[in-house]
Amino acid sequence: MAAWDLSIILEDLGPDTPPITLSVSSDLHVGGVIIKLVEKTQMKRDWSDYALWWEQKQQWLLRTAWTLEKYGIHADARLLFIPQHKPLKLGLPSGMTLKVWASFSSPVFQAVMTICRILNIRHPEELSLLRPLEEKKKKKDKDKVGEIYDLTGVRPAKGTQPVSLYNDVPAHFADSAEMEAIYKMLSVTQTQPAPEIITKQYRPSSVVDKAHINGRWLDSSRCLRQQGVQENDLLWLRFKYYSFCDIEPKYDAVRLTQLYEQARWAILLEDIDCTEEEMMLFGALQYHIGKVSQSEPERMSTNAAMENLESALQSLEVKMEGGSSSASDMLDTMMAPELSDYLKIFRPKKLTLKGYKQYWFKFQDTSISYFKSKEESVGEPIQQINLKGGEVAPDVNVASQKFLIRLLIPSPEGMNEVYLRCENEQQYAHWMAGCLLASKGKSLADSSFQSEIQSIRSFLAVQKTNSGSSSHTLASDESMNTHSLVSPRYHKKYKPKQLTPRILEAYQNISQLSMTDAMMRFLQTWQALPDFGISYVVVRFKGSRKDEVLGIASNRLIRIDLGVGDVVKTWRYNNMKQWNVNWDIRQVAIEFEGNVNVAFSCVTADCKIVHEFIGGYIFMSTRSREKSGTLNEELFHKLTGGHEAL
Amino acid sequence: MDDIDAMFSDLLGEMDLLTQSLGQETVPPASVPGPTEEPNFSIGFTDLNESLNELEDNDLDALMADLVADLNATEERLAAQIEELQVPSPPPPHKSPTNIQHCAASPESLTSNNSGSNASTPSSSTTSPFPPPPPKSSKPTMEEIEAQVKADKIKLALEKLKEAKVKKLVVKVLMNDGSAKTLMVDERQTVREVLDNMFEKTHCDCNVDWSLCETNHELQLQRTFEDHENLVEPLLAWTRDSENKVLFQEIGEKYEVFKNPQNFYLWKKDKKTLKDFKDKDKEILIQENFCGTSIIVPDLEGVLHLKEDGKKSWKQRLFQLRASGIYYVSKGKTKSSRDLVCFVQFDNVNVYYGKDFKNKYKAPTDFCFVFKHPQIQKESQYIKYLCCDDAWSMNLWVTGIRIAKYGASLYEDYKTAEKKAAMSSKWTNRCMPSSSNTSTPSPTIKAKSPGQANGHAPKPQPEPFSQDVGNLPPPPPPLDGVLPPPPPSLAAKLSARNSFSKRHLLNKFPPPPSAIDNNLPPPPPPPPVDDTEEPPQFLPPPPPVAGFASLPPPPPVAGFASLPPPPPVAGIGSLPPPPVMSTLPPPPPPMNSLPPLPASFRDMGQSLPPPPPAREVFQSPPPQTVFIGSGAPPPPPPPPPPPPCAATKVVAPRSALYTPGSLKKTPPAPPKRSTPSLHGGGGGGGGGDGGGGDFMSELMLAMQKKRSDH
């Protein structure tokens, strides 16, 4: 066979270096070309990660046994000999930026799997890579280049078995203290962003804006290089499919944290709508999580054995409590802290009492009794108020030294309003804590009494700094701005000091949650929002003259009127018989049971993205059935690959 | 009458035995023999005496049995405790005496506080069902670690104190047919447990729809209790003079969402689609909405009528249900989430159905529901009223609200209820063949069984049974062979009237099963049937003798256990205050020898802690262990308020095994089910007679009186 010249560019030698020319024949296989090339360079190095990239066709020549002829390569082919793995900047949901070693030659799906393996995130199929917003990128380049944590040194062991943890840290992070520190950052939530930062971030203001975001997902069946991603480019790693399998806080430290971060930002940036009440709860949870995560890092670092022991002890304790009565519980009852003091009472609805009157108050079990004076507290109280089942609301203004507890006490006739006025913070924290516990049917003896007092105090501290004359520039741990807990809409609507009591109100119900529980609660509340988990794409239905929105959720497709925002129609996947994509006219056609046929073309996203979403969700729904922990990559590819899969 | 008396004394003897085998919960066989009365139950009692007088005899019997069992348990426990305490060192012993006082006192406080309502009466809060914790084991170590012991003792004493505080109510539960059942409920019991109790008592088919409901007479409200709720707490909120009631009914809507989730989650679809919905798709829906990380609330939105505060008018608004509450769209605003106005959040309120609001509040329709704090019992501005256009949308909303409020517990409740129902239907299926052999005519059963079977093919094999049961106690293994028919002789004696023979037969028929029924399906005589007020049923018809003959000897006692006959007065005296405690009575008399009736009664007091002798005889260890394992209350002393199912189980095997031989002796465990069914009828409230003792004698007297009336 005739020999001809094939020129290959070796990028490593510098841009100006002329290509290396080899004399080859068409029946030479790719492996042979590489051997020739390496010989010719006469450079001694590890070439194992290098492969040939065919520039015109945007294609890797990874099958070394294939001949040039089979690939269809002729002398005019522009071939590059380059490494398959390159560093990539990765933006995480938490806002952290990492530099990781990523594969530019394998499908994005696999690249993400590897990345997740490095980060110790289970169920990588739920995540994917998203191109960041351009406009934002520019800004970022200008004002702030956040710190980039370099993880390019990390190469986890290959394989599919779960990452082994060593002291709660994956082995590949345990090499050095710095690496361990990075891992901790990944698995602990970030401090609350300053309100200015939230305001500055891009916020989608309409469904169409949200739809545009979904046009930026990378194609999971093609590789990074094929999609124009260059070395050191920034991509976002995000949860793409809102179907979170088997979250297990014990193994999912990073996954849970990042998921929480993504949810938190979705709320803060109004990516998903919620009501004011819900926003306050989200705010309270964020506050709580932030506070606990600062006090808990120690715990995270205790070694695994200790932790196991601890949890074993705890569960033992639980067992011994045997449900209703534990010994310590009862001892507590016996030694319940006493709470009695002079407070002022006011009953807004009753005309008999004008203004606040001072009495001697005493806390007993879940009731408050009051007496004329301390001396008379031995006898019958003037009245006893049982707080159980009641509502307790704070009305506090530190600046004006107002410490009011508003009680709503149920009785057969209705609810009675009672206000208790405390003199100072100290008194308030104790009585408020007592009232909160009592309203839940717990006495002061409850173990949470002290921590309740603490959390009330620290919340007061927040208000203090907020209402103080100094501007809220400090973002130190204690002085958090309540504006950083809610979306910008509420920055305008409420001043921090108005916001504090509302968040505090919501906070009451969750103040005793552990960090993990609080995160889980946040996620659950998020998932319970009506619009949760819907990815929007603007489409044009066949036969329709206007653009409409297609919402893609984990179990259904939703047709939404673009003008009004109303749901026009929903189709559930389990009624779906088949879906097809006509790649030539870029049209998706779906057939549902009962002879329902739908077809549409996609406006804001490539139809491959829509196809992948649908196939991806169907893949997600198959997971629970096959319990094995192994990921059925092939099935995923079949369902999402489109014509590449054929 | 004589006959009856004789029968009673007979029964008394039985009871005695029963009580001795403490610790077992009995399932009261449905039928209570004894003179039956017309159902003239009046609902609001003013005082204890009256209420007692009003009670049906069989109610009284049941009550007695419960009380006795209860007392015994307490005494035994106390005795054990005292012994314990004395051995080691003096400090705590003090406590136990005090404790007793406590007990006596507490009912009073109870009464004064609450109750008084017809349904709830404070009853003897005497018994502390809880077994003293770790005594035995700690004993040996005592010498070594004194401190430890001391701590233990303190713990124990504390526990007793706590125990004494446990509130109990006597609750009268009304049935569909107007009759009533009375039972004692302690504050730790969930509605599920009480339902199980009712199943035992009524032998209904145990399907998942059976519910306890509360009605509020004044506000014209009704609410179905959720199975995981505690029953006592809401009842305590009733006012003294309230005419509220507790009903035992089948409420189809209760778990409809799990049977036809599409009607709730896809309510917008057309009717035909919903009707033809495939089971597989239903499963998927449940999976999606109840089995994920988060419970998904149906997406409800619609125009409802809202009763404006303090006004008589109703105003239309567009409401939306979310997991966090109900919201409405305020005037001139959009439907977007951030503009919604919160109407109500569910943390502190319950949702109730309104009855006849068209009349009462001039509502546009009668399909109203209401939110209020459970404690509110009268008209108040804090009650929120909504009105729907039709029954279906009301059901949608109320169900949606329950999902939002109770979340995962609702599904858990359903699964538990379903398990129970499945078990019971299996049980019936198993029993049926044998029963039908004997008594062909059993129409009731037949009628019921299809319903019960409910898709569950009758599976005769024992294995599946236990598997299905899960942690529930396995059914008595020997059942197959053993189905012990009622002892003919006994039955004959008992049956004063034959009138209702066939049905009755069925009832009695598989007595062992009945004992089990807590978890097992009781043979399903029509539920109301066995009720107190229906006299005929109780009378065990003797007729079937022929049929029975072929059956294995009857373990009849099981049936009777629950009916403690009115004890002779003499017996009473000795009963209440059990001074005997200090001398720990040795195990009860050997089973074989039937103790003379009156004496036996007395025995009860003395021979408190009867390690049921029978036990060894029947090797029924497996059930027992199971029982314990299943999370039932601690084993040592008889666990009074244990989940009925567990307890029952223990009993069951026993009686089954026992069959051969002396019918009478086999004590089907004592009749203290978790909630001893006391009848307090509500009146007691006012009375507030102190200790259990008083109450007991009161009871006795009442019974006596009743009888003499005849």
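**View 1. The interface between chain B and chain A.** Between them, chain B and chain A bury about 3,500 Å², 51% of it on carbon and sulfur atoms (buried area being the accessible area, with a 1.4 Å probe, that two parts lose on being put together, summed over both). On the chain B side, B:T293, B:R338 and B:Y382 lose the most area to chain A, together 20% of what that side buries. The contact (heavy atoms within 4.5 Å) takes 42 residues from chain B and 44 residues from chain A. This is a predicted model, in which local features need pLDDT of at least 70 and side-chain atom pairs count only at pLDDT 80 or more, whereas totals for chains, interfaces and linings use all residues. Residues are numbered from 1 along each chain as its sequence is written, chains are lettered from A in the order in which they are written, and side-chain values use heavy atoms, with hydrogens and water left out.

**View 2. A salt bridge between A:D566 and B:K335.** The closest N and O atoms of this pair are 3.5 Å apart, and the count between chain B and chain A is 7 salt bridges (a side-chain nitrogen of Lys or Arg within 4 Å of a carboxyl oxygen of Asp or Glu).

**View 3. Helix 19 (residues 633-640) of chain A.** Helices here are DSSP runs of H or I with at least four residues, and strands are runs of E with at least two, numbered from the N terminus. The buried residues of helix 19 are A:F636, A:L639 and A:T640 (buried meaning under 20% relative accessible area and exposed over 50%, with a 1.4 Å probe and protein chains only). Seen down the axis of helix 19, these buried residues fall within an arc of 85°, so they line one face of the helix (the arc being that of the directions from the helix axis to the C-beta atoms). On the other side of helix 19, A:E634 and A:K638 are exposed.
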